[in-house]
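Q: Could we go through this structure together, feature by feature, with the general idea stated ahead of each case?

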Amino acid sequence: MAHDPPEPALAVFQEHRPTLFGVAYRMLGRVADAEDIVQEAWLRWSAADRDDVEEPRAYLVRIVTRLSIDRLRQVTARKETYVGPWLPEPLPTDRAVAWQQAAPEGADRAVMAETVSYAVLLVMESLSPLERAVFVLREAFGLPYAEIAAALGRGQDAVRQLAGRARRHMAERRPRYTVDAEQRRDLTERFLAAALEGDIEGLMSILAPDVTLVGDGGGKAKAPPRAITGADKVGRFLSGIARRPPAAPAFHVVEINGAPALLVTTEGRPFGVFQLGVDEDGRVRTVYLVANPDKLAHLAPPEGPGPLAPFAPRNGEG
C-alpha cells in the first residue's frame, strides 16, 4: 500500500513532537533518553503504513509510551548501581520545549509545567512504570481514559484504578510550593549572593531549619554522597563550595524544569545546577544540586547573547 511522501509524514511528526518529547521526558527524567525515544518513534512512524492511521497523535503517543515504559525498566535497573542520589536531568524550559506548547484539550497549562518540576518528577520515581505512564498521560496531557487504555493495551477500568492509585500517591508525597516564579527568582539571587560572599547569616535567613540538600554527582563530580539535612550543615556546605570555586566561574539565573535555577559555568562549560524548593513561608526547603557532567552537557551557554545571562544583582545592589 502506498505511503505518504516523506515531507507530509515529517510535517505530521513535527507537529506532535513536543508532546512526544514531553511524555518521554516526564516518564524518564532524562533529556538524552527522551530524545532517543522520540527518534525511535520517528523511525517507526516513517516506516509505518500510515494509510490506516486515523489519529496520528494517539498512534505516536502509544509508540512513545510503550517505548518509555520499556526504557524506564532498564533505567530503574541502572539506578540501582548509581553512585549517590539520583536527580532528573535538568531541562531548560525558557526555550521552545515540550511543556510550552498549547495545552491539549482537557490539560491545564500550569499542571503541565508542574509535572516537569523536580519535586513532582522525584515523587513519580516511586510509581510503577504503568502508574507513571497513566499519571503523565492523564494529569500532564489530559488524555481521555479510552486513549490511555489503548496506549497501554489495558482496559479502561484498570487504567482508572491505576490513575486513582497514582493520584493518591502523588497527593500524599509531593510538596506544595505556592511561591510564584518572581519570588523564587529573587530568592535564588539572594541565595547566590549569600553563598558567594560566604554570608552564613544571610544563608541561614533563607534556609528552613529542616532544609535538605540533595546532590547528584553520579560518581563523576564532587557532590555529597548522601542528602544533607539541617540549615547549619547545608549552609556550611554551600559556603565551602563558594570558598573553592571552579576556574573562571560565571553564574546564570535560568529557568530549569519550570522554575528559576542557578547555572554555574567554568570557562564557558556547565559545572553545576542549583535549584531551590521554596515553602509557603518563602524559605528554602530543598536544595537540588546536579553536578554530574553527563547531565549538564546540553546546558552549555550559546555563543553570544542568549537566554543564559550572567548573574548581576538587581537595582544596583550587592
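A: Two packed helices are described by the angle between their axes and the distance between the axes. Here the axes of helix H6 (residues 129-140) and helix H8 (residues 156-173) come within 8 Å and cross at roughly 85°, which makes H6 roughly perpendicular to H8, a term for angles of 65 to 115 degrees. Axes are lines fitted to C-alpha atoms over the stretch in contact, with angles from 0 to 180 degrees between N-to-C directions, while helices (H or I, at least four residues) and strands (E, at least two) are DSSP runs numbered from the N terminus. This is a predicted model, in which local features need pLDDT of at least 70 and side-chain atom pairs count only at pLDDT 80 or more, whereas totals for chains, interfaces and linings use all residues. Residues are numbered from 1 along each chain as its sequence is written, and side-chain values use heavy atoms, with hydrogens and water left out.

Q: Which residues of H6 and H8 make the contact?

A: With contact meaning heavy atoms within 4.5 Å, H6 contributes residues including Leu130, Val134 and Phe135, and H8 contributes residues including Val159, Leu162 and Met170. The residues of this contact divide into eight nonpolar, no polar and five charged, where Asp, Glu, Lys and Arg count as charged, Ala, Val, Leu, Ile, Met, Phe, Trp, Tyr, Cys and Pro as nonpolar, and the others, Gly among them, as polar.

Q: How many bridges join strand S3 to S4?

A: Two strands pair if DSSP finds at least two bridges between them. Strand S3 (residues 249-256) runs antiparallel to S4 and is joined to it by eight bridges, with Ile256 opposite Ala259 in S4, and the hairpin has two residues between the strands, where Asn257 takes a positive phi near 50°.

Terms used:
Parallel < 35°, antiparallel > 145°, perpendicular 65-115°, else oblique.
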